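Please find below my comments on the structure under review.

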Amino acid sequence: MSTTTLPPDGFTPAPKLADVLPPRKERSKLGMFAYRHPTIAVGGFMVSLFVLMAIFAPLLWTVDPTALAPARRTRPPSELYWFGTDMLGRDVYSRVIYGARISLIVGFGVAICAASIGLFIGLISGFIRAVDAVVMRIMDGMMSIPSILLAIAMMALTRASVENVIIAITIADVPRVSRLVRGVVLTLREQPYVEAAIAAGTRTPMIIIKHILPNTLAPVIVQATFLCASAMIAEATLSFIGAGTPPIIPSWGNIMAEGRALWQVKPYIVFFPAVFLSITVLSVNLLGDGLRDALDPRMAKRI
Amino acid sequence: MFAYTVRRVIATIPVMGIVALFVFSLLYIAPGDPAAIIAGDQATPEDVERIRASLGLDRPFIVRFLEWLFRVLQGDLGVSIFTNLPVSHMIKQRLEPTFSLMLLTLTFALSCAIPMGVVAAWKHGTWIDRFVMLFAVLGFSVPVFVVGYVLAYTFALQLDWFPVQGYTPLSNGIGGWVSNLTLPAVALGSAFIALIARITRATMLEVLNQDYVRTAKAKGVGQRAILFVHALKNAAVPIITIVGIGFAGLIGGAVVTESVFAIPGVGRLVVDAILRRDYPVIQGVVLMFSFTYVIVNLIVDLLYTVFDPRIRY
């Protein structure tokens, strides 16, 4: 008689695991990502919405944003003019939709330029002591000039154009990125694997590109997102005080600058671009917050 | 302490030197030849050359920089192209509104942001915390002039609680001064509050986990005393650091706020100067604000030793 035969009578076999546990929620890869990083999902979704809006501006029931119609000036928002018309009869709705282009171009342009230049300077000065002392003193000096003032001063020197706005804001932002990258590089170069690479005779450019650069990318991407948001505000600020994008180009700052004279009687001219600007900047900031939590847990703990 | 102070003050000199060099270069490369402008349309190239030499404009960059620096140190910032008045005089006339606005904003922002951050850290994870964090993200995202217009429209135009625009000097009574500056200070303070509340919350979260906070709790120290005496004092260094760094944003914001609320301060001066391409004025204001920023951060550095006696460099 063996003891390991059939179960005794009255024993019901164990139910299948799948019947006991609640069904595992089936999430697509995208859904899983959104569940884990809600801020990235919301911010990213809203940013892409604004990007699409900027690209497809001509298809969004807009008219020529620069078309003058003095006879129909300062009309309040209506079915025909959704956001009203400004003092020259231009359709504020069309201007606001087209204005997204400038804000996004300046935001992304500054983020990309400042991040790459700052990355370059930071890598070099973090790794080469002789360069470090000089470059960082210069950066300290530049950082002592409030960035919007630095941008104002540079815009005063040049002709108003979108490129010059990007350059001026980039120059004001580069010191911050360089400092950040340099700080990361200084801690990385003490890491055993970098020492090992040096000991193995790897040449400095190779060490910087293969061993240091990849580890600086996460904080730089996070920083670039925040730079994008602040550059949009900076562009609007510069245009608002008359030192930014040329008045002929509809940008959110320019629309507000033009609406300024009339804001007490026709507040909607200032109101609509202000709302669009704020929501766009908010989306980019949300994206940045999410990216920071996901990519850079050390920083997330601190702030 | 004294040695530390002296060392810190000396350390700011090279920074200020680089700021001065940078600002001088801006004017140096500014378009427009002053000699040609002074000489007028009828002048021959020789005349222009003579005027250039008499103004000292033909000498090398470094000589002109040192001469300019020497004059700046004596308080001479040059003469405005537009009004022909000394720039230092023009700035001095407009200092009071700007200084008042900054002082009021700083007071208002600190007295809002620090309690907000402390309470958010204390009630970590609750709806109060979420609300403060939401405010912090919003404060960063809404530009100063947008906040300004919303406030002015609501509280000045619709409710008529405050004047819409303008400035009343302090010498005309404190009532008008405060009521004129309240809305600008709130508008300018919004981003600053967001920044400080965020840092206060983050630092307080760290500090509240320390052993000495537990000890204080065990001793039966009251909640308020723990938060505002034991914990806040230890969280002070990061907070004042960010106040110093954020001061740059405050300066930039003041330029815009003064435009929105028509306050005749230094910010308005520089905005008007941009429209007229009045380079000496732009240069003077940038220099003045930058030095202010450096000095504020010097004060912050010196305050470290007050809040944290362990710091002895």
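**Notes on the interface and a helix pair**

1. In this predicted model, the contact between the chains draws on 44 residues from chain B and 43 residues from chain A. Together, chain B and chain A bury about 3,800 Å², and carbon and sulfur atoms account for 76% of this area. Phe22(B), Phe145(B) and Tyr149(B) contribute 16% of the area that chain B buries against chain A, more than any other three residues.

2. The rule finds 1 salt bridge between chain B and chain A; the side chains of Arg198(B) and Asp289(A) form a salt bridge at 3.1 Å, N to O. Polar contact across the interface is found for 3 residue pairs, both residues being at pLDDT 80 or more.

3. Several helices of chain B each supply at least two residues of the side that touches chain A, among them H1 (2-28), H7 (144-158), H8 (174-207) and H12 (279-307). By class, that side of chain B comprises 36 nonpolar, 5 polar and 3 charged residues.

4. Within chain A, the axes of helix H6 (residues 147-157) and helix H7 (residues 162-188) come within 9 Å and cross at roughly 145°. The crossing of H6(A) and H7(A) is right-handed.

5. On H6(A), the residues making this contact are Ser147(A), Leu150(A), Ala151(A), Met154(A) and Met155(A). On H7(A), they are Asn164(A), Val165(A), Ala168(A), Ile171(A), Ala172(A) and Arg176(A). By class, the contact of H6(A) with H7(A) has 8 nonpolar, 2 polar and 1 charged residues.

Note on methods:
Residues numbered from 1 in each chain as written. Chains lettered and ligands numbered in written order. Predicted model: local features only at pLDDT ≥ 70, side-chain atom pairs only at ≥ 80, totals over all residues. Heavy atoms only, no water. Contact = heavy atoms within 4.5 Å. Buried area = accessible area lost by both parts, 1.4 Å probe. Salt bridge = Lys/Arg side-chain N within 4 Å of Asp/Glu carboxyl O. Polar contact = N/O pair within 3.5 Å; in protein donor to acceptor, adjacent residues only side chain to side chain. Helix = DSSP H or I, 4+ residues; strand = E, 2+ residues; numbered from the N terminus. Nonpolar A, V, L, I, M, F, W, Y, C, P; charged D, E, K, R; others polar. Axes fitted to C-alpha atoms, helices over the stretch in contact; angles between N-to-C directions. Left-handed = near helix turned anticlockwise from the far one by under 90°.
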